[in-house]
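Please look through the sequence and the model shown below before reading on.

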Amino acid sequence: MSDVVFITGATSGFGRAAARRFAQAGWSLVLTGRRFERLQVLREELQGRVPVHIAALDVRDAEAVRQVVAALPEGFRQVRALINNAGLALAPQPAQQVALEDWHTVIDTNITGLVNVTHALLPTLIASGQGASIVNLGSVAGHWPYPGGHVYGATKAFVEQFGYNLRCDLLGTGVRVTDIAPGMAETEFTLVRTKGDQAASERLYRGTTPLTAEDIAEQIFYVASLPAHININRLEIMPVRQAWSPFAIDRDPQ
Ligand SMILES: NC(=O)c1ccc[n+]([C@@H]2O[C@H](COP(=O)([O-])OP(=O)(O)OC[C@H]3O[C@@H](n4cnc5c(N)ncnc54)[C@H](OP(=O)(O)O)[C@@H]3O)[C@@H](O)[C@H]2O)c1
C-alpha cells in the first residue's frame with residue numbers, strides 16, 4: 001500500500017504544488033482546504049495517477065478537524081506525512097493601524113489551526129513510526145523582524161518553537177518534525193494579505209525572481225522522503241535576489 005500524505009491548504013500555492021509532487025512519487029493524497037471546488041478540480045487532475053481523498057476543512061475549527069480525521073476512508077487512515085501548510089498573513093500596514101479582527105484571524109489559522117491538525121493526527125503518525133513526518137510551513141518572518149510583520153511573524157515564530165518542542169516529546173517514536181521557512185514566494189499569499197489587491201501582488205513580484213510554489217513543494221517532499229534516521233529541523237529558503245536590510249534608525253530632524 002502506498003504512503004499517505006495529509007495536506008492542509010491544498011487549494012493553492014505550496015499546498016497544491018506539494019499535492020502534485022507527492023502524487024508524482026506515488027503517494028496517496030488527503031487534500032484539505034476551505035474551497036471545495038478547487039479540491040474537486042485537483043482530485044480530477046490527480047486521481048488517475050494515485051488515490052485521492054478530499055475534504056472541505058477550516059483548520060480553525062477543532063471539531064471539524066477531528067471529524068475529518070475520524071472519517072478518513074480505508075486506505076487513507078495511516079497517515080505517514082502531515083504537511084501543516086494552511087496559513088495566511090493579513091494587513092501589511094503597521095501594527096498600530098491593523099484591525100484586531102485581522103490579528104485574530106492570523107493567530108487562529110497559523111497557530112490554533114496548525115495545533116488542531118497536529119493534535120488530531122499525532123496518534124496516527126506515532127503509530128506509523130520510523131520515517132513519519134510533520135512538515136510545518138513557517139517563514140523567514142518567524143525569525144527576522146520586518147515592518148508590517150507584527151502578528152504574522154510572531155505566529156511563524158510559534159511554528160518554529162512548537163516544532164522543536166514537539167521533537168523533544170516525540171523522541172523515540174521515530175516521528176520527524178521540520179520547520180520549512182520560505183522567503184518571498186509567488187503564490188496567492190500577497191493577494192490574500194492585501195485582501196484581493198491584484199496590482200499590489202503583481203508589484204511585489206515584478207522585476208525580481210521570487211521562489212515558486214514548485215520550489216517549496218520540492219523541499220517539502222525532500223524532507224518527508226529522506227531516510228528515516230534523518231531529521232531536518234529547520235530549512236530556511238530565500239530567492240537569491242532577496243536578502244536582509246540594515247537596521248532602521250529613528251533620527252532627530254536635521
Ligand atoms: N508565499 C510566501 O511568500 C510564503 C513565505 C513563507 C511562508 N509562507 C507560508 O506558506 C503557507 C502556504 O502559503 P502560500 O504561499 O501557498 O499561500 P496561498 O497560495 O494563499 O495558499 C494558502 C492556503 O492556505 C489555505 N488556508 C488559509 N486559511 C485556511 C483555513 N482557515 N483553513 C484551511 N485552509 C486555509 C488556503 O485554502 P482555502 O482558502 O481554500 O481554505 C490555501 O490553500 C502559509 O502557511 C504561509 O504563511 C508563504
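Strand S6 (residues 176-182) and S9 run parallel and are joined by four bridges, where helices (H or I, at least four residues) and strands (E, at least two) are DSSP runs, numbered from the N terminus. Within this pairing, Asp179 has Arg234 of S9 as its bridge partner. The model is a predicted one, in which local features need pLDDT of at least 70 and side-chain atom pairs count only at pLDDT 80 or more, while totals for chains, interfaces and linings use all residues. Residues are numbered from 1 along each chain as its sequence is written.

The two strands belong to an open sheet of seven strands with parallel pairing and the order S3-S2-S1-S4-S5-S6-S9, two strands being paired if DSSP finds at least two bridges between them. Strand S3 (52-56) and strand S9 (234-237) stand at the edges with a single partner strand each, so one side of each has no neighbour in the sheet. On average, and with direction ignored, neighbouring strands of this sheet are turned by 15° against each other. H1 lies across strand S1 (4-7), strand S2 (28-33), strand S4 (79-84) and strand S5 (133-137), and runs at about 170° to S2.

Helix H4 (residues 100-128) packs with helix H5 (residues 150-170) at an angle of about 10°, their axes being 9 Å apart. That angle makes H4 roughly parallel to H5, a term for angles under 35 degrees; axes are lines fitted to C-alpha atoms, for helices over the stretch in contact, and angles run from 0 to 180 degrees between N-to-C directions. In this contact (C-beta atoms, placed from the backbone, within 7 Å), residues of H4 including Trp103, Ile107 and Leu114 meet residues of H5 including Tyr152, Lys156 and Phe158.

Around the ligand there are 29 residues, of which Gly9, Gly13, Arg34, Ala86 and Gly87 come nearest; a residue is near a molecule if its C-beta atom, placed from the backbone, lies within 6 Å of it. Helix H1 (13-24), H4 and helix H6 (189-193) each supply at least two residues of this shell, and the largest share, three residues, comes from H1.

Two loop residues remain. Ala91, in the loop between S4 and H4, has a positive phi near 60° although it is not a glycine, and Ala91 is buried, with 21 other C-beta atoms within 10 Å. Lys195, in the loop between H6 and helix H7 (198-205), has a positive phi of about 55°, but Lys195 is exposed, with 11 other C-beta atoms within 10 Å. Here buried means 20 or more such atoms, exposed 12 or fewer, and partly exposed in between, with C-beta atoms placed from the backbone.

Technical notes
Angles under 35 degrees count as roughly parallel, over 145 as roughly antiparallel, 65 to 115 as roughly perpendicular and the rest as oblique. Two residues are in contact if their C-beta atoms, placed from the backbone, lie within 7 Å.
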